[in-house]
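This briefing walks through the fold, the core and a few individual residues. Please keep the sequence and the coordinates to hand while reading.

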Amino acid sequence: EGIVLDSNILKLKEGIKGGPEGFDPKKEFINHIQELQLMDERIQRKVEKLEQQCQKEAKEFAKKVQELQKSNQIKEAADIIQKLHLIAQELPFDRFSEVKSKIASKYHDLECQLIQEFTSAQRRGEISRMREVAAVLLHFKGYSHCVDVYIKQCQEGAYLRNDIFEDAAILCLRVNKQVGDIFSNPETVLAKLIQNVFEIKLQSFVKDQLEECRKSDAEPYLKNLYDLYTRTTSLSSKLMEFNLGTDKQTFLSKLIKSIFISYLENYIEVETGYLKSRSAMILQRYYDSKNHQKRSIGTGGIQDLKERIRQRTNLPLGPSIDTHGETFLSQEVVVNLLQETKQAFERCHRLSDPSDLPRNAFRIFTILVEFLCIEHIDYALETGLAGIPSSDSRNANLYFLDVVQQANTIFHLFDKQFNDHLMPLISSSPKLSECLQKKKEIIEQMEMKLDTGIDRTLNCMIGQMKHILAAEQKKTDFKPEDENNVLIQYTNACVKVCAYVRKQVEKIKNSMDGKNVDTVLMELGVRFHRLIYEHLQQYSYSCMGGMLAICDVAEYRKCAKDFKIPMVLHLFDTLHALCNLLVVAPDNLKQVCSGEQLANLDKNILHSFVQLRADYRSARLARHFS
């Protein structure tokens, strides 16, 4: 701008000396003056702007200096008042009461100023200032109030989600990261924050969630209690990662207990009461769906006496009950009962005091035994037993094996829950032996009834075979009128008996598993053999009739192979060999009797079969067998 000004002055001088033609010095002078005025205005504005900026920076600098000075004076004042406060404690009150009062007042005022300053710094997010003030307040009585202010303001806007537990975890994580930059005892401050969260925020939330349904509806109450306790302990596990002092496990456990103690004190009473009513409802709903009114079982007196006699002797005491093929066992009912009990075990594990856990788990187990084993399985066994017809009934429908099949399946489920859900809760306590003993008693009781029912069912099967043989077997089958016009094949009675036996064998295999199948088939096979053996003893056999008897026994033996029981097959092999005595030539009787299959048999058995021959009384046959 100075260069431009010099140039304009030079032009003005040249114009005065005599410039080019038509040059107007006055006009030119005025123009230059105007340019100078504009230039002066621009310079003035720039100067004013610089002055304003300088004043602003000076004010800011002065403010910072003032703040630093003020900060230092605080520190100095705090140091002085703290020392005065300590000295005042030693002064006698009667002579220095006024002085002591003034010191106390100043101490209180300064303390309030410091706390206010800390509060403002926290709201501004000035960590360094918070640290400075907290360090000064550390020696004041109001230091704890400073911590309280910090904890309160930390939680402002912290609970904005729908999950208070997640909010609390995020809050504590955030505070854990910054608390060490502010306080000299961060673990104490963090612990106090956590205590505040538990005792105020969480406790209030838990109360709101539980109190409404505590007395009105046990199901949502127990589910909410389990969920809230689980989430609280989960939060506690996350907080275990932080430094909270020496015994943080005990500290957090006490906080959890303070929230839930009023709910846990009578938890097991609520649990068992609910489980009983729920189990009873599940069973009643099932029997209602069957339009069935449960009858009394084991009411004492004559009823019990009859039952004991019936179980030990198989005597038909009174008419059997027609169950119309209904087993009164439901896998759906069983699954529902086990599911309810499983949830009860899970809640028991979580909510019980460790010292009460085995005892509480045992109480739940006894409820399961009562409703599943006694009220459902045992009732079905009793009803099934009462539904087994007498052994001399004709065309009896035998449904008890269906009961056996379903009872076995159900008991496997019961045993699995015992091992998976009860055992872990009682394995290291005296209740283990008590539970095992109770389970053993239940098994033995049910096995006794199953054995009784199976035994009576086998008797019914043999009874049915007897009816078939009595109705279908003719005396002329084994002593035909025309010996020359006989078709050598098994009789009609044999065909029907074998068809019936094969059907029952298949049913037994489907109803049982493992060694139980072999045991029952063995028993049926032995009884089947005895029946045929005794049946054959009723007839007299001609030569052709004996051949027919051999054909029948061969078919019975083929049927016995389906049992897959070596002993049963051996019995029918021997019976088949005995039947050869009905047709063998008299001269060969001794040779046949000394054969491999008959040599070890009692001579009376051999003689009994030889006596069945139509030609037995002939002197020749008697002489050869003597």
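## Briefing on the predicted model

Phe328 is buried, having a relative accessible area of 7%, where under 20% is the cut-off for that class. The model is a predicted one, and its protein chain holds 22 helices and zero strands. Of the 626 residues in the protein chain, 40% are buried, and among the contacts with a separation of 6 or more, 77% join residues 24 or more positions apart.

**Two loop residues with positive phi**

- Phe328 lies in the loop between helix 11 and helix 12 (331-351), and although Phe328 is not a glycine, its phi is positive at about 60°.
- Asn291 is likewise not a glycine and has a positive phi of about 55°; its place is the loop between helix 10 (267-289) and helix 11 (302-313).
- Is Asn291 buried or exposed? Asn291 counts as exposed, because its relative accessibility is 73% and the class begins over 50%.

**The largest nonpolar core**

- The largest nonpolar core has 164 residues, and the members that touch the most other members are Phe118, Tyr150, Phe183, Met465 and Phe528.
- Helix 13 (residues 357-386) is the element that gives the most to this core, contributing 16 residues.
- At least three residues of this core come from each of domain 1 (47-156) and domain 2 (475-624).
- Once neighbours within four places in sequence are left aside, Phe183 is in contact with Phe118, Ala134, Tyr143, Cys146, Val147, Tyr150 and Val189.

**Ile364 in helix 13**

- Ile364 is found in helix 13, and with a relative accessible area of 0% it is buried.
- Leaving aside neighbours within four places in sequence, the contacts of Ile364 are Ile268, Glu271, Leu275, Thr341, Ala344, Phe345 and Cys348.
- Ile364 and Leu422 are 58 residues apart along the chain, while their C-alpha atoms are separated by 9.1 Å.

**Helix 8 against helix 9**

- The axes of helix 8 and helix 9 (residues 248-264) come within 10 Å of each other and cross at roughly 175°. Angles over 145 degrees count as roughly antiparallel, and helix 8 and helix 9 are therefore roughly antiparallel to each other.
- On the helix 8 side the contact is made by Tyr221, Leu225, Leu228, Tyr229, Thr232, Thr233, Ser236 and Leu239, and on the helix 9 side by Leu252, Ile256, Phe260, Tyr263 and Leu264.
- Ser236, which is found in helix 8 (residues 218-239), counts as buried at 8% relative accessibility. Not counting residues up to four places away in sequence, Ser236 touches Leu252 and Ile256.

**Helix 18 and its cover**

- How far apart are the end C-alpha atoms of helix 18 (residues 543-561)? They are 27 Å apart, which agrees with the 27 Å that its 19 residues should span at 1.5 Å a residue, because the expected span uses one less than the number of residues.
- The buried residues of helix 18 are Gly545, Gly546, Leu548, Ala549, Ile550, Cys551, Asp552, Val553, Glu555, Tyr556, Cys559 and Ala560.
- The cover over the buried residues of helix 18 includes helix 15 (431-472), helix 16 (492-511), helix 17 (515-536) and helix 19 (566-579).

Note on methods:
Residues numbered from 1 in each chain as written. Predicted model: local features only at pLDDT ≥ 70, side-chain atom pairs only at ≥ 80, totals over all residues. Heavy atoms only, no water. Helix = DSSP H or I, 4+ residues; strand = E, 2+ residues; numbered from the N terminus. Buried < 20%, exposed > 50% of the residue type's maximum accessible area, 1.4 Å probe, protein only. Contact = heavy atoms within 4.5 Å. Core = buried A, V, L, I, M, F, W, Y, C linked by side-chain atoms within 4.5 Å. Domains from an automatic or database assignment. Axes fitted to C-alpha atoms, helices over the stretch in contact; angles between N-to-C directions. Parallel < 35°, antiparallel > 145°, perpendicular 65-115°, else oblique.
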